[in-house]
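Trainee: I have a chain to go through before the afternoon. Can you walk me through it?

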Amino acid sequence: MVVTAPDLEAFLLATPFFGGLPEPGLDLLMSMLVERRFDAGATVVAEGEPGRSLFIVKSGRLAVSKRTNAGRVIPISVLERGDFFGEMTLIEMQNRSATVVAESPTVLYELTAQNLYACYKADIHAYVIVLQNINRELCRRLRRADDRFARRAAGNDN
């Protein structure tokens, strides 16, 4: 279903993905979003599968995990309202790097790589802001991962 909710604009502007977008760019991207609903327990994306879209969490709770070579599932993070995921496939055009499962009934907004490219063609300024927002979020995630790695390594020193 195409998204047209009146409160959508305020919600999107409050997310890290859409922050700072001027109204014309936001309107363009809003017109490209498709609402997706998932029941609790549903796999939204699976590690290793092709992916050509990202998702913004409108509601619900999702678990992100990776599988080890031995087959063990390692929890990575939890996603909630306002978070986004799937951006790595749009940037590097590789398969999904993790599995994301809905822990509760979930509503997501999907933006495809094709639509993001259409944004680039129609409004380069909005496209650059979106890429900056994605990069900021990736840097935040890298810092958190670095901190977890350092804490784990420091624990091994004791």
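## Strands, salt bridges and a surface patch

Mentor: Strands β4 and β5 pair over six bridges, in the antiparallel sense. Keep in mind that this is a predicted model.

Trainee: Which residue in β5 is the bridge partner of Leu 62?
Mentor: Leu 79 is the partner of Leu 62 in that pairing.

Trainee: And what sits between the two strands?
Mentor: The hairpin of β4 and β5 has five residues between its strands, and Gly 71 there takes a positive phi near 95 degrees.

Trainee: What does β4 do with β7?
Mentor: Strand β4, residues 62–67, is joined to β7, residues 99–102, by four bridges, and the two run antiparallel. Val 64 stands opposite Val 100 of β7.

Trainee: Which order do the strands of that sheet have?
Mentor: The order is β2-β7-β4-β5, an open sheet of four strands with antiparallel pairing. β2 (43–45) and β5 (73–79) are the edge strands; each has a single partner, so one side of each has no neighbour in the sheet. On average, neighbouring strands of this sheet are turned by 30 degrees against each other, direction ignored.

Trainee: Remind me what holds such strands together.
Mentor: Strands of a sheet pair through backbone hydrogen bonds, either parallel or antiparallel.

Trainee: OK, stepping back. How many helices and strands does the protein chain have?
Mentor: Five helices and eight strands. From the N terminus the elements run α-α-β-β-β-β-β-β-α-β-β-α-α.

Trainee: What about overall dimensions?
Mentor: The C-alpha trace spans about 55 × 30 × 25 Å along its principal axes. The radius of gyration is 17 Å; a compact globule of 158 residues would have one near 15 Å, and the two values agree. Buried residues account for 35% of the 158 residues.

Trainee: Back to strands. Where do β1 and β8 go?
Mentor: Into another open sheet of four strands, ordered β1-β8-β3-β6, with antiparallel pairing. Here β1 and β6 (84–85) stand at the edges with a single partner strand each, so one side of each is left without a neighbour in the sheet.

Trainee: How many bridges are there between β1 and β8?
Mentor: Five, and the pairing is antiparallel. One of the pairs is Val 34 with Glu 110, its bridge partner in β8.

Trainee: What else does Glu 110 do, with its side chain?
Mentor: Glu 110 forms a salt bridge with Arg 36, with 2.6 Å between the closest N and O atoms. Arg 36 is in β1 (residues 34–38) and Glu 110 is in β8 (residues 106–112), so the pair ties together parts 74 residues apart in sequence.

Trainee: Is Glu 110 buried or exposed, and why?
Mentor: Glu 110 counts as buried because its relative accessibility is 12%, and the cut-off for buried is under 20%. Arg 36 counts as partly exposed, at 35% relative accessibility.

Trainee: How many salt bridges does the count come to?
Mentor: Nine.

Trainee: Which residues are linked in a network of salt bridges?
Mentor: Glu 87, Glu 137, Arg 140, Arg 141 and Arg 144. Within it, Glu 137 meets Arg 140 at 2.9 Å, N to O. Both of these lie in helix α5, three residues apart, about one turn of the helix.

Trainee: And what about Arg 144?
Mentor: Glu 137 forms a salt bridge with Arg 144 as well, with the closest N and O atoms 3.9 Å apart. The cut-off is within 4 Å, so that pair is counted.

Trainee: Different topic. Which residues form a nonpolar patch on the surface?
Mentor: Tyr 117, Tyr 120, Ile 124 and Val 128, with about 380 Å² of accessible area together. The elements giving two or more residues to the patch are α4 (113–122) and α5 (124–157).

Trainee: Where does Tyr 120 lie, then?
Mentor: In helix α4. Tyr 120 has a relative accessible area of 36%, so it is partly exposed.

Trainee: Good, that covers my list.

Technical notes:
Residues numbered from 1 in each chain as written. Predicted model: local features only at pLDDT ≥ 70, side-chain atom pairs only at ≥ 80, totals over all residues. Heavy atoms only, no water. Patch = residues over 30% accessible without salt bridge, like charges linked within 9 Å, V, L, I, M, F, W, Y side chains within 5 Å. Areas by Shrake-Rupley, 256 points an atom, 1.4 Å probe, with all protein chains shown as cover. Buried < 20%, exposed > 50% of the residue type's maximum accessible area, 1.4 Å probe, protein only. Pairing = 2+ DSSP bridges. Axes fitted to C-alpha atoms, helices over the stretch in contact; angles between N-to-C directions. Rg over C-alpha atoms; globule rule 2.2 N^0.38 Å.
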